[in-house]
Amino acid sequence: MANEKNSPKNSLSYKDAGVDIDAGETLVDQIKPLAASTRRPGAEAMLGGFGGAFDLKAAGFDDPILVSGTDGVGTKLRIAIDSRRLGTVGVDLVAMCVNDVLAQGAEPLFFLDYYATGKLTPDTAALVIAGIAEGCRQSGCALIGGETAEMPGMYEGDDFDLAGFVVGAAERGGLLPKEDEMRSGDVLIGLPSSGPHSNGYSLIRKIVEISGLAWDAPAPFATGTNLAEALLTPTKIYVETLMPLIRQGRIKGLAHITGGGITDNIPRMLPKHLIPKVDFSAWPRPAVFSWLQETGGVDEAELRRAFNCGLGMVLCVDKDSAVDTLAALHTDPMTDSGNAYIIGELCPAKT
């Protein structure tokens, strides 16, 4: 009788408030094999604890400097949710983070994700996290943990958000950019993007609205695919292509072409006394950018700041080693069928 007296007649549970603990546990069980598939030296990639551990010595580092980065997918996620095509946004999440630490000369080591939603559907979340695991495999980093947050009242319907966190490392003295070594005449080499990557999608969505096209309409700038599929092409990961060149000391600086485009991102790797001189006709511009410009009436200067215009990463190399570096990139299938382009050079800044 005492228990009945102390128990409310209509007692509430966490599930009644919109949070299903059992669903969370089901998801953890589903993604454990995904995390295990990303194991690498230094990480066992086991989930379920209160934190993830990484052994730098086992990864082969002697005197490392750690480099960390965090990012999201932006409003590209809106297209994925609305079109119910969720399998690749996890790759985008990893790519945006690992390409950033790569630009500092660091090897990506481990990754953690944050998945937040109003109502957790384990199968949906597992599909997204499978993409994250794929991005980790492509970049050689371990998925060692993360957080799934079920927050009713914060997200409506099927909406969710993603954030990613990566830690990389470089031996002391190996970080980029090497500003003290940069000289006027150094060559800029561009590596092709796979499309808009994960930037400019608020403008892209506005242009699609103006076009009147549905997400399942044939893509006007690509054959054999619909508009959503084409615009959800995942961000390219450059780790496998560039880490060997970084370790060989061939690269003085790297610019990850994200928000701000080519115009704003290349100067981020340069000392103040040097500026980039870029020939925008030096590489083929993918058809998606021409369609966006024509359909949206986007000014050329705005296009260059909002989008990558076909280049996802730009290298700064010594003039005397540019031909050899270009040849090395041309023999690497990860550079999109061997394509890489000399796109300009460094010049003295005007005083």
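Q: What should I know about the numbering and the model?
A: Residues are numbered from 1 along each chain as its sequence is written, and side-chain values use heavy atoms, with hydrogens and water left out. The model is predicted, so local features need pLDDT of at least 70 and side-chain atom pairs count only at pLDDT 80 or more, while totals for chains, interfaces and linings use all residues.

Q: How many residues are in the largest nonpolar core, and which have the most contacts inside it?
A: That core has 93 residues, and those with the most contacts inside it are F111, L242, L254, I266 and L315. A nonpolar core here is a set of buried Ala, Val, Leu, Ile, Met, Phe, Trp, Tyr and Cys residues joined through side-chain atoms within 4.5 Å. Buried means under 20% relative accessible area, exposed over 50%, and partly exposed in between (1.4 Å probe, protein chains only).

Q: Which helix gives the largest share of this core?
A: Helix α4, residues 89-102, with nine residues. Helices (H or I, at least four residues) and strands (E, at least two) are DSSP runs, numbered from the N terminus.

Q: What does L254 touch?
A: Leaving out residues up to four places away in sequence, L254 touches L102, A103, L176, L242, I246, M269, M313, V314 and L315. Contact means heavy atoms within 4.5 Å.

Q: What other core lies apart from the largest one?
A: One of 10 residues, including F54, L109, I144 and V167.

Q: Switching to K178: where is it, and is it buried or exposed?
A: K178 sits in the loop between β4 (160-171) and β5 (187-192). K178 counts as buried because its relative accessibility is 19%.

Q: What does K178 touch?
A: G249, I251 and K252, again not counting residues up to four places away in sequence. K178 and K252 are 74 residues apart in sequence, but their C-alpha atoms are 5.1 Å apart in space.

Q: How does β9 pair with β5 and β7?
A: β9 (residues 341-348) pairs with β5 in the antiparallel sense over four bridges, and I189 has I342 as its bridge partner in β9. β7 (residues 274-278) and β9 also run antiparallel, joined by five bridges. Two strands pair if DSSP finds at least two bridges between them.

Q: Last one: how many residues of α3 are buried?
A: Six of the eight residues in α3 (residues 76-83) are buried, namely K76, L77, I79, A80, I81 and S83. They pack against α4, β4, α6 (201-211) and α7 (227-231).
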